[in-house]
Amino acid sequence: MSYSTVAASLVAASGGILFGYDMGIISGALLQLREEFKLSYLMQEVIVSSLLFGAIISSLFGGTVIDVLGRKFTMIGNCLVFAIGALILSFTPSVTVLVTTICMSLLIYN
């Protein structure tokens, strides 16, 4: 195998590991979110599904964004969106804002 094949495989694998880590984090956070927002089982499912929805949509358009903006500006934009999304999620007043922010952060972040 060539170096570039191994490097691409490692990057892809690390992306999968990080996505799994995010799913684990949201599973642990659901305990606190359920108490804070008085969530039903359906709303808990919607919150977890928002991660998957954002990831699916962003994977469809991520390559195009990098082609248009370039890797450097895309990474800078990702950092900004991640920071802003984290702030919004820290002080979210409702479940609607929570789900919308998760989806939009993943749409732009990935």
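At what angle do the axes of helix α2 and helix α3 cross? Hold that thought while I set things up. What you see is a predicted model, where local features need pLDDT of at least 70, side-chain atom pairs count only at pLDDT 80 or more, and totals for chains, interfaces and linings use all residues. Residues are numbered from 1 along each chain as its sequence is written, and side-chain values use heavy atoms, leaving out hydrogens and water.

Okay, the overall picture: four helices, zero strands. Helices here are DSSP runs of H or I with at least four residues, strands are E runs of at least two, and both are numbered from the N terminus. The C-alpha atoms fill a box of roughly 50 × 30 × 20 Å along the principal axes.

Back to our pair. The axes of α2 (residues 41-69) and α3 (residues 71-90) cross at roughly 120° and come within 7 Å. Axes are lines fitted to C-alpha atoms, for helices over the stretch in contact, with angles from 0 to 180 degrees between N-to-C directions. So α2 and α3 are oblique to each other: under 35 degrees counts as roughly parallel, over 145 as roughly antiparallel, 65 to 115 as roughly perpendicular, and the rest as oblique. Who touches whom? On α2 we have V65, I66 and L69, and on α3 R71, F73 and T74, where contact means heavy atoms within 4.5 Å.

One last stop: I76 sits in helix α3. Thanks, everyone!
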